[in-house]
Amino acid sequence: MIINGSELIARLETGFTEKLEEFRTRQPMNEIREFGNQIRELGRSYHADSLNHYGEELVNATNDFDINKILNLIGAFPQMIAQIRKRI
């Protein structure tokens, strides 16, 4: 069960969403990998398994240099926030 869901949503919608918008136009692999690790850590901290999984997927796509998957994951971020919002 997600803990402190409102706080988690607020964190995701501020700095993380802004950073993700930058990645839509350019994909600096190290920054995206770090972003994925931060998302994964948030998932662990707030017990949000889907967020943890998303972060892992993003890190793996970055490690594989899979630009298409990275862009798909970036595009899916708003839906992931919406899914978390429904569960809190």
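Helix 3 has 15 residues and spans 21 Å from its first C-alpha to its last. This is close to the 21 Å expected at 1.5 Å a residue, the expected span being 1.5 Å times one less than the number of residues. Helices here are DSSP runs (H or I, at least four residues), numbered from the N terminus. The model is predicted: local features need pLDDT of at least 70, side-chain atom pairs count only at pLDDT 80 or more, and totals for chains, interfaces and linings use all residues. Residues are numbered from 1 along each chain as its sequence is written, and side-chain values use heavy atoms, with hydrogens and water left out.

Confidence (pLDDT, the predictor's confidence in each residue, from 0 to 100) has a mean of 93 over the protein chain. In that chain, 100% of residues reach 70 or more. Confidence is highest in helix 3, at a mean of 97, and lowest in helix 1, at 89.

Just after helix 3, Phe-65 takes a positive phi of about 55°.

Four aromatic pairs occur (rings of Phe, Tyr and Trp, its six-membered ring, with centres within 6.5 Å; planes under 30 degrees apart are stacked, over 60 edge-to-face, the rest tilted) in the structure. Tyr-54 and Phe-77 form a tilted pair, 5.5 Å centre to centre with 50° between the planes. This pair links helix 3 (residues 49-63) to helix 4 (residues 67-86), its members being 23 residues apart. Both Tyr-54 and Phe-77 are buried. Ring pairs join Phe-16, Phe-23, Phe-35, Tyr-54 and Phe-77 into a cluster.

The count of salt bridges (a side-chain nitrogen of Lys or Arg within 4 Å of a carboxyl oxygen of Asp or Glu) comes to seven. Lys-19 in helix 1 and Glu-31 in helix 2 are 12 residues apart; their closest N and O atoms are 3.1 Å apart. Lys-69 bridges to Glu-57 at 2.8 Å. Lys-69 counts as partly exposed because its relative accessibility is 33%.

Terms used:
Helices (H or I, at least four residues) and strands (E, at least two) are DSSP runs, numbered from the N terminus. Buried means under 20% relative accessible area, exposed over 50%, partly exposed in between (1.4 Å probe, protein chains only).
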